[in-house]
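Let's take a walk through a protein model together, one piece at a time. Keep the picture in view as you read, and look for each part as it comes up.

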Amino acid sequence: MVRWRGRVPFAIGVTLVALTILGALLAPWLTSYDPNSQDILHTLAPPGSNGHLLGTDQFGRDVLSRVLYAGRIDLMIAFGATAVCFVFGSMVGLVSGYFGGRVDAVLMRIVDVVFAFPFIVLVLTIIAILGPGLRNMFFAIWLVSWVPYARIVRGEVLVAKRREYVLAAKALGFRSPRIMLGHLLPNVITPAIVFSMLDAVNNVGLGAALGFLGLGVQDPTAEWGKMISDAQNFMSTSWWLPTIPGIAIAIFGLGLSLVGDGLADRFRPE
Amino acid sequence: MSQANERPITIQEHVSSAEEILRVNDLGVQFNTGPRPVRAVEGVSFSVRRGEIFGIVGESGCGKSATLRALIGLLPERGVQTTGQVWFGNRNLLDLGERPMRQVRGAEISMVFQDPMTYLNPVLRIREQIEETLKQHTSLGRAKRRARAVELMQLVGIAVPERRLREYPHQFSGGMRQRVLLAIALACSPTVLLADEPTTALDVTIQDQILKLLKRLRDELGMSIVLVSHDLGVIAQMCERVAVMYAGQIVETAPVRQLIRNPRHPYTIGLLNSLPRTDTNSRYLDPIPGAPPSLIDPPTGCRFADRCPFVLEECRTWQTSLLEAENQQFSRCLRHESLPRRHD
């Protein structure tokens, strides 16, 4: 019954993601330093020195506590931004693919328009109007990142709705919403779930890029991508500054990918 | 179905007697999806009696599946035009709105299909697929639905139902899947079961089991079955009455024994002659030469004329209709009286 061969990577993935989440949640108990308090006497201290387990940055801020607290922001970006896009995009794709015809044409033209827009330009525009900050960054991601889900799910629905079990469901007198959500969705959602795990990692990188441009998370708040871009001037002398948040992103990203693959297997019973 | 000789069957407005459960009048199905319309079904009329197994037989593309699907509105809405009437009780199913139609489908009339693998949803457990139907059409509570699901599995002859209900379709063999489809179709005790080539995807021994099961269920539950098949052998074994379809029309309808003993349409004769026989020394089958006409632009007159060994000049021009050949036997052939008897 239990096939360990397929479950080990999934278990590792869950462990890595859980580690990230726990680190972010338990940050105040895992470190005694405030992520923003500066220790001017010990700037750029290497890991292990002066009671800073992972060293300090150019302002003498503790890298361990910054990485842990940054996890809170990054998890929010990864899950908050992605979840909304996943749900909205999948629904659009489901409706579009199932009903087809005019509904499909209109929805897919909207998707095309959003796809055609250069992402950074759109984000710059939105933030120019609304002002910089985490919340507006969310708006920008929501506005743009649902389209791949719509396309993925629509493509799957176009194939699946010709399958006979949809006809059988109609022959049993089920209503369209029920057929869509109960019979089609479980058959078409797997690629979207797998994509969402990669998308979540992507969104973390996006947050970093926006932070780098000064449009995302604002100083002094810690965020993994921003920590890396802040570290670029000290990279040659203080290796730990870009490496530590880099490892954090790698752990989280690998974990999500493994979870994504594992979920894909679980949703496909045969 | 009484009528004078040499006149088309008169169209009756309602199910005429208590015996009749389903009456199809002048059913037509036209597909407008291609560059030119295809008349897949034309002028099909028949009735199904209570507790009867009614067969529809014909080759691929003759309109038998389209007829069956049209009955409960399962043809795609776009590009398909359905005409005529389907009387079920005092309701014309073709006039019924979407909502009342949904209440008929799966509850009063349900359907089983050809390939049982693809008609079961691969990601849902069997339990969910049976209980969902009960949830849709009955007010049974959770516990009662569970009990009913077990009962249905037993009814269609699946052993260890409690365990098998927890399994997925891929864990079932072909014959078992067809049983599951039957269990789902029978969940709400329908009065009519439409069976669209239910045994075509199965091997012969399993086919026999499923056919016997269908017959047993008919006897136990007293429902009517419309059985569509391309296999005259299956029809002969199962049905009381049969309609033979060719190129979108019924060409002959009769009680099944009468039809086999004394076919009154050249197409039926050809079908029967093309069956493999064990009682002669002939090593060859006797096929009908040629192919059915295109339904985009069907020929005027008799549609079988080009392949018919008994064809006359007027066959190509007459306005075809079902003519009474014998008691209860109707044929769409001008020469039904002069056709040779089968040499048995």
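Predicted model: local features only at pLDDT ≥ 70, side-chain atom pairs only at ≥ 80, totals over all residues.

The expected span of a helix is 1.5 Å times one less than its number of residues. Find helix 10 of chain A, residues 190-212. This helix has 23 residues, and from its first C-alpha to its last it reaches 33 Å, close to the 33 Å expected at 1.5 Å a residue. As you look along a helix, remember that an α-helix has 3.6 residues a turn, so residues three or four places apart point the same way. Just after helix 10 of chain A comes A:Gly214, whose phi is positive, at about 80°.

Now step back to view the whole of chain A. Its secondary structure comes to 12 helices and zero strands. If you read along the sequence of chain A, the pattern is α-α-α-α-α-α-α-α-α-α-α-α. Along the principal axes, the C-alpha atoms of chain A fill a box of roughly 75 × 55 × 30 Å. How many of the residues of chain A count as buried? Of its 270 residues, the share is 44%. The contacts tell us about the fold as well: among those in chain A between residues at least 6 apart in sequence, 68% join residues at least 24 apart.

Chain B gives us a sheet to explore. Strands of a sheet pair through backbone hydrogen bonds, either parallel or antiparallel. Here, an open sheet of four strands in chain B has the order 2-1-4-5, with antiparallel pairing. Which strands are at the edges? They are strand 2 and strand 5 (91-92) of chain B, and each pairs on one side only.

Strand 1 (residues 20-31) of chain B pairs with strand 2 of chain B in the antiparallel sense over eight bridges. Together strand 1 and strand 2 of chain B form a hairpin, with six residues between them. Is strand 2 of chain B mostly covered or uncovered? Strand 2 (residues 38-49) is mostly covered, since 10 of its 12 residues are buried.

In strand 5 of chain B, B:Asn92 is the bridge partner of B:Trp87.

Next, see how chain B is divided. The domain assignment gives domain 1 (1-108 + 192-277 + 284-344) and domain 2 (116-187) of chain B. Taken over C-alpha atoms, the centres of these two domains of chain B are 30 Å apart. Where they touch, 11 residues of domain 1 of chain B are in contact with 11 residues of domain 2 of chain B. On the domain 1 side, helix 8 (residues 204-221) of chain B gives the largest share, five residues. That side of domain 1 of chain B divides into nine nonpolar, two polar and no charged residues.

Finally, look at where the two chains meet. The contact takes 19 residues from chain A and 26 residues from chain B. On the chain B side, helix 2 (98-104), strand 6 (109-112), helix 3 (116-119) and helix 4 (126-137) each supply at least two residues. Helix 4 of chain B provides the largest share of that side, four residues. The residues of chain B that touch chain A divide into 12 nonpolar, nine polar and five charged.

Key
Residues numbered from 1 in each chain as written. Chains lettered and ligands numbered in written order. Domains from an automatic or database assignment. Contact = placed C-beta atoms within 7 Å. Nonpolar A, V, L, I, M, F, W, Y, C, P; charged D, E, K, R; others polar. Buried ≥ 20, exposed ≤ 12 C-beta atoms within 10 Å, placed from the backbone. Pairing = 2+ DSSP bridges.
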